[in-house]
Amino acid sequence: MRPTRRGFLAGATASLAAAQAAGALAARELIPFGSAVMISDFRSDAKLRAQLAKLCDVITPMNELKWDWVRQNRSGFAFENADEIVAFARKNGKAVHGHALLWGDALPAWAKELRDPKETERELVRHVEAVVGKYAGQIASWDVVNEVIAHEPTPASPWRDTVWHRALGPRLVDIAFATAARTDPAARLVINDYDFENDDARTAERRRQVLALVRRLQDLKIPVHEVGFQAHLYAEKAIDRRAVTALARELGRLGVGVRVTELDVIDWKLPADPRERDRLAAEVVTAFLGALIEGQRPQAIITWGLTDRSTWINEVFKRNDSARARPLPLDADYRPKPMMAAIEAARRLSEGRRVP
Ligand code: G3I
């Protein structure tokens, strides 16, 4: 049929509407961005709260849901610090990512003493039930296990030596995930770990081990929804882009999502000039996020803090020149750095699209 002018106009209007709808969709479909925040900064820094409200879709309480905050008292649960951050997030329409239900660090003294398998399992189950239960409907996703893969795993010895592993062995993961799933069936359950992105044998083994963990849970028919890439990126190390893409793609094939949970840049070995440091930090972030998104669209990109005012990198990765670290998207005066632009650009990328 020959197109009429009226038909053409109707078609043009329809395609404009479609384009507008696609634009609106694209805006809505930006990869969610978020940040972790610790309660002391949250309380003392109104400018930080304003930036969290302005920039974030997701907020992670940085420490306040860890055992050493919630469980100082063995018989009870102290939620008031986490509650403050969760209430702020909810009031401002943000999702909350929970960190972390099981970790070998940040334990109160009594938990470090756990030895008996039955008692350890009882405590773990009670903890996961109480914490996940308390925030069901408020915390949408959880790092169920954090850093359970050995720093340098081998096929014979893949697990990190923790109080949990000593008492429970690999079952620690099954117990934690099964309990979380039973307690809040709607929550997205995450295996969270670090050092998946570099080009060396140790990191390659860590990638194999996280896949093995996913398969273990799936074989047992225990729900696992995502792998969290902490992404504390060493600026001086090259990102193994092919390996990152391949891991994200393989997880996708297994029906498992990915999430960037603790993004920052370890800039201790970078040159002193702040502009050069910021440029190189943005570069490593672009390389990592681009490679990840090429393999699979992450559920969120969450940084481990928002401004360079407050970061663990200063304590753990001290520079020789004693300059302060610049690992985060905003500088110490809350101004966006090139890293923020790198994240913004990555949020617009779509899965499967190769980035230059
Ligand atoms: O709040 C107290 C303060 O009152 C006291 O003066 C000071 C003295 O040390 O300690 C303060 O608490 C510290 C807290 O951070 C707040 O700064 C704790 O000692 C310290 O252990 C705690 O460290 C946190 C660490 O996890 C252990 O929980 C870091 O903030 C936090 O960034 C870090 O985060 C971890 C992730 O959970 C897992 N992945 C790695 C990441 C970096 O290590």
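**Backbone and ligand site**

Analyst: Let's start with Ala 100, which sits in strand β3 (residues 95–103); strands here are DSSP E runs of at least two residues and helices are H or I runs of at least four, numbered from the N terminus. A cis peptide bond links His 99 to Ala 100, with omega at about -5 degrees.

User: Before we go on, what should I know about the model and the numbering?

Analyst: The model is predicted, so local features need pLDDT of at least 70 and side-chain atom pairs count only at pLDDT 80 or more, while totals for chains, interfaces and linings use all residues. Residues are numbered from 1 along each chain as its sequence is written, and side-chain values use heavy atoms, leaving out hydrogens and water.

User: Ok, ligand. Which residues come nearest?

Analyst: Lys 66, His 99, Glu 147, Glu 262 and Trp 304 come nearest, out of 14 residues around the ligand. A residue is near if one of its heavy atoms lies within 4 Å of the molecule.

User: What is the make-up of that shell: how many nonpolar, polar and charged?

Analyst: The shell has 6 nonpolar, 5 polar and 3 charged residues.

User: Which ligand atom is 2.7 Å from the side chain of Lys 66, and what about the glutamates?

Analyst: For Lys 66 it's a ligand oxygen, 2.7 Å from a side-chain N or O atom. A ligand nitrogen is 2.8 Å from a side-chain N or O of Glu 147, and a ligand nitrogen is 2.7 Å from one in Glu 262. On its own the ligand exposes 780 Å², and the protein buries 50% of that. Those areas are Shrake-Rupley values with a 1.4 Å probe; for residues, only the protein chains shown count as cover.

User: Switching to Thr 303. Buried or exposed?

Analyst: Thr 303 counts as buried because its relative accessible area is 0%; buried means under 20%, exposed over 50%, and partly exposed in between (1.4 Å probe, protein chains only). Thr 303 belongs to strand β9 (residues 301–303). Beyond four places in sequence, Thr 303 touches residues including Phe 33, Glu 262 and Met 339, where contact means heavy atoms within 4.5 Å.

User: What does the side chain of Arg 319 make a polar contact with?

Analyst: With the side chain of Asp 321, at 2.9 Å. Arg 319 is in the loop between α13 (313–316) and α14 (338–347), and at 10% relative accessible area it is buried.

User: Last one: which residues have a positive phi without being glycine?

Analyst: Ala 106 has a phi of about 55 degrees, and Lys 221 has one near 60 degrees. Ala 106 is in the loop between β3 and α6 (109–112). Lys 221 is in the loop between α10 (201–219) and β6 (226–229), and counts as exposed because its relative accessibility is 74%.

Methods:
Polar contact = N/O pair within 3.5 Å; in protein donor to acceptor, adjacent residues only side chain to side chain. Nonpolar A, V, L, I, M, F, W, Y, C, P; charged D, E, K, R; others polar.
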